[in-house]
Amino acid sequence: MHTEWSWDARLVGSMDLSCARAVEIGLPAIAFTEHLDHTAWRIELAGPYALDHLTALADPRGILTPPAFDAAGYLEAIDRCRDRFPGLRILSGLELGEPHRHAGACAGVLGAGRFDRVLGSLHTLPDRGDFAEPWGMYPHRDAPEVMREYLAGVTAMVAESDLFAVLAHIDYPVRSWPAQQAGAFDPAMFEEEFRAALRATARSGRALEINTRLPLHATILTWWHEEGGDAVTFGSDAHLPEFVAHGFAEAAQMAEAHGFRPGSNPYDLWGRVD
């Protein structure tokens with residue numbers, strides 16, 4: 001479950017509702033892996049990808065500089081949720097955006113308190129003198145080229161940062177894949193690049209997130225197993241309470257089919273059983 005940057009009453013209330021939803025559906029644990037971003041990137045100010053809460057933070061050119069993260073406010077919100085839901089295991093966490101580009105800033109936040117689960121994610125790539133997300137590049141770049149550049153960026157992030165334990169959404173560009181222009185997404189087109197990123201992640205001892213915002217293609221999990229991946233975790237990337245654990249049942253079935261099983265505790269990573 002991800003929330004957003006500013007810790008006002010509305011978002012704390014959303015965390016409460018997410019915990020209530022977890023209890024309602026029988027989840028034994030929930031992790032709030034809050035975004036921690038430092039990369040300024042170009043967003044859309046109009047059109048289908050324009051989002052009001054992001055537009056409000058951008059400058060007139062559409063460059064968004066993430067505001068400072070309130071670590072103390074976030075950790076206080078976690079404590080309040082733990083007090084209110086004592087029977088639910090509530091994990092604190094961060095999703096570090098591009099930690100290899102912002103090592104000092106990320107380390108500073110990590111030193112502010114305890115974060116139970118730390119993910120690393122790549123959201124943006126260099127583009128026309130700025131940074132942009134894949135959906136902002138597809139209109140003027142070849143989609144397979146963007147995908148290959150993204151996976152190379154994941155490999156570099158894994159090699160250059162030791163601040164995170166879980167690789168988040170390795171298939172992030174697929175969320176906005178321009179099927180009308182590029183055809184249906186086929187992971188086989190990028191097997192070499194996927195395997196390189198998965199191999200680097202496995203050799204570093206990290207876990208792979210099965211992100212259910214968009215179902216992970218089973219072939220990618222097959223490659224993870226073949227490249228020596230030892231563990232997986234599940235993230236619904238919910239942002240809203242009603243999407244907590246969305247797709248988990250199907251993801252768990254896929255993980256089991258690929259030889260991964262739950263740990264001894266319900267909030268552990270799922271480990272490989274050969």
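Residues are numbered from 1 along each chain as its sequence is written, and side-chain values use heavy atoms, with hydrogens and water left out. In this predicted model, local features need pLDDT of at least 70, side-chain atom pairs count only at pLDDT 80 or more, and totals for chains, interfaces and linings use all residues.

Trainee: How far apart are the end C-alpha atoms of helix H8?

Mentor: Helices (H or I, at least four residues) and strands (E, at least two) are DSSP runs, numbered from the N terminus. The expected span of a helix is 1.5 Å times one less than its number of residues. H8 covers residues 191-203, so its 13 residues should span 18 Å. The distance between its end C-alpha atoms agrees: 18 Å.

Trainee: Within what arc do the buried residues of H8 fall?

Mentor: Buried means under 20% relative accessible area, exposed over 50%, partly exposed in between (1.4 Å probe, protein chains only). In H8, Phe194, Arg195, Ala197, Leu198, Thr201 and Ala202 are buried. They line one face of the helix, because, seen down its axis, they fall within an arc (directions from the helix axis to the C-beta atoms) of 165 degrees.

Trainee: Which exposed residues sit on the face of H8 turned away from its buried side?

Mentor: The buried residues pack against helix H6, strand E8, strand E9 and helix H9, where contact means heavy atoms within 4.5 Å. The face turned away carries the exposed residues Glu192 and Arg203.

Trainee: Are H6 and H8 roughly parallel or roughly antiparallel?

Mentor: Axes are lines fitted to C-alpha atoms, for helices over the stretch in contact, and angles run from 0 to 180 degrees between N-to-C directions. These two axes come within 9 Å and cross at roughly 15 degrees. Angles under 35 degrees count as roughly parallel, over 145 as roughly antiparallel, 65 to 115 as roughly perpendicular and the rest as oblique. H6 and H8 are therefore roughly parallel.

Trainee: Which residues of H8 make the contact with H6?

Mentor: H6 supplies Met147, Arg148, Leu151, Val154, Thr155 and Val158. From H8 come Glu193, Phe194, Ala196, Ala197, Ala200 and Thr201.

Trainee: Does histidine 169 count as buried or exposed?

Mentor: Histidine 169 lies in the loop between E8 and H7. Its phi is positive, near 25 degrees, in a residue other than glycine. At 1% relative accessibility, histidine 169 counts as buried.

Trainee: What is the relative accessibility of alanine 245?

Mentor: Alanine 245 is in the loop between strand E10 and helix H10. Its phi is positive, about 65 degrees, although it is not a glycine. Alanine 245 counts as buried, with a relative accessibility of 14%.
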